[in-house]
Amino acid sequence: MRVLDSHLHLWDPEALTYTWLDGPLSGRFAGAELERARVARAETERSIFVQAETVEDDFFDEVRWVAELAPAAGVVGIVAGIRMDRGTDTVVHLDGLAAEPLVVGVRHLLQGGPDGLAVSADFVTGARELAARELTFDACVRAEQLPEVARLAAAVPELRIVLDHLGKPAVGTGAAPLAPSVEWVRDLTEVARHPNTFCKLSGLQAEAGGDWTAEQIVPFLDVAADAFGVERLMWGSDWPVSAIGPAESDGVHAPEGEEAAYQPTARSRGAEVVMAWAESRGHDLDALFWRNAEQFYGVDTSA
């Protein structure tokens, strides 16, 4: 089958500056590392790179760095870092991104921002500038911020918004799983009422701290399918963020004295869970793993 990963990160702390990397994530994750983490069932594999929250001064450098890696890595689109609430500076930034042909969208990371940011006057103005350029917006929020995403979608209905990681619901752990909360179901459904909103089936492994099971994740996938319909869902690996957890059986990647480790097979295992779920429900695999992301981001996957 063909796989277009809608949410892939790449980084190199020797090339760019990040302030949040630590533990097993603090090394380089790029060409060779990605090659060893390919999806087992994928005969053809492409990906959308999503900004990895470098320091703001490196936003353009990150785009250029990924563009150089793109042919070998199979990256067909870039979601660039930006600050959407900077007025004229936001416009200048967007104009600069126009020179980079692989840029298909942007992400202003909202999950750590103050409440109300996504619906502030400056942010909404930036969102309108984004829509006017036919670029997409990746909304990475905490579950309690989902109502703001719905309000942003209502304020700028022409903007194509994709919700990262199903809005980061509380999922518990494999040993102590949580069912989808009434509040999350309600707020996710409200976001989905806006026709230009989409949702990534991604990131739940990280929300579980790397300790997860298929049975734990499937109820959240069902809620997303009920809310958005299969035609507005897309699979994303959230690699390598969602590839950290208890060391895999060979143990060679486990740092001495640390419980958390990089899991080389996590990306493929995560894809397999969504594939098995989709097959069991009769959902269109090619839509979930290729066409929806291809159409949402407007990428050329022919290369």
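Buried means under 20% relative accessible area, exposed means over 50%, and partly exposed lies in between, with a 1.4 Å probe and protein chains only. The model is predicted, so local features need pLDDT of at least 70 and side-chain atom pairs count only at pLDDT 80 or more, while totals for chains, interfaces and linings use all residues. Residues are numbered from 1 along each chain as its sequence is written, and side-chain values use heavy atoms, with hydrogens and water left out.

**Exercise 1. Overall form**

Find what share of the chain is buried, and compare the radius of gyration with that of a compact globule.

Solution.
- Step one: of the 303 residues, 56% count as buried.
- Step two: the radius of gyration is taken over C-alpha atoms, and the globule rule is 2.2 Å times the number of residues to the power 0.38.
- Step three: for 303 residues a compact globule would have a value near 19 Å, and the chain's 18 Å agrees with this.
- Step four: the C-alpha trace spans about 50 × 45 × 40 Å along its principal axes.

**Exercise 2. The nonpolar cores**

Work out which residues touch the most other members of the largest nonpolar core, and which helix gives the most to this core.

Solution.
- Step one: a nonpolar core is a set of buried Ala, Val, Leu, Ile, Met, Phe, Trp, Tyr and Cys residues joined through side-chain atoms within 4.5 Å.
- Step two: the largest has 89 residues, and F137, L201, L233, W239, W277 and F289 touch the most other members.
- Step three: helix α8 (residues 214–228) gives the most to this core, with nine residues. Helices here are DSSP runs of H or I with at least four residues, strands are runs of E with at least two, and both are numbered from the N terminus.
- Step four: another core, of 14 residues, lies apart from it and includes L4, V50, W290 and F296.

**Exercise 3. A closer look at V274**

Is V274 buried or exposed, and which residues does V274 touch?

Solution.
- Step one: V274 sits in helix α9 (residues 266–281).
- Step two: its relative accessible area is 5%, so V274 is buried.
- Step three: contact means heavy atoms within 4.5 Å. Not counting residues up to four places away in sequence, V274 touches L201, L221, W235 and F289.

**Exercise 4. Covering helix α5**

Which residues of helix α5 are buried, and what covers them?

Solution.
- Step one: in α5 (residues 146–155), L146, E148, V149, A150, L152 and A153 are buried.
- Step two: their cover includes α4 (121–132), β5 (136–139), β6 (161–163), α6 (182–192) and β7 (197–201).
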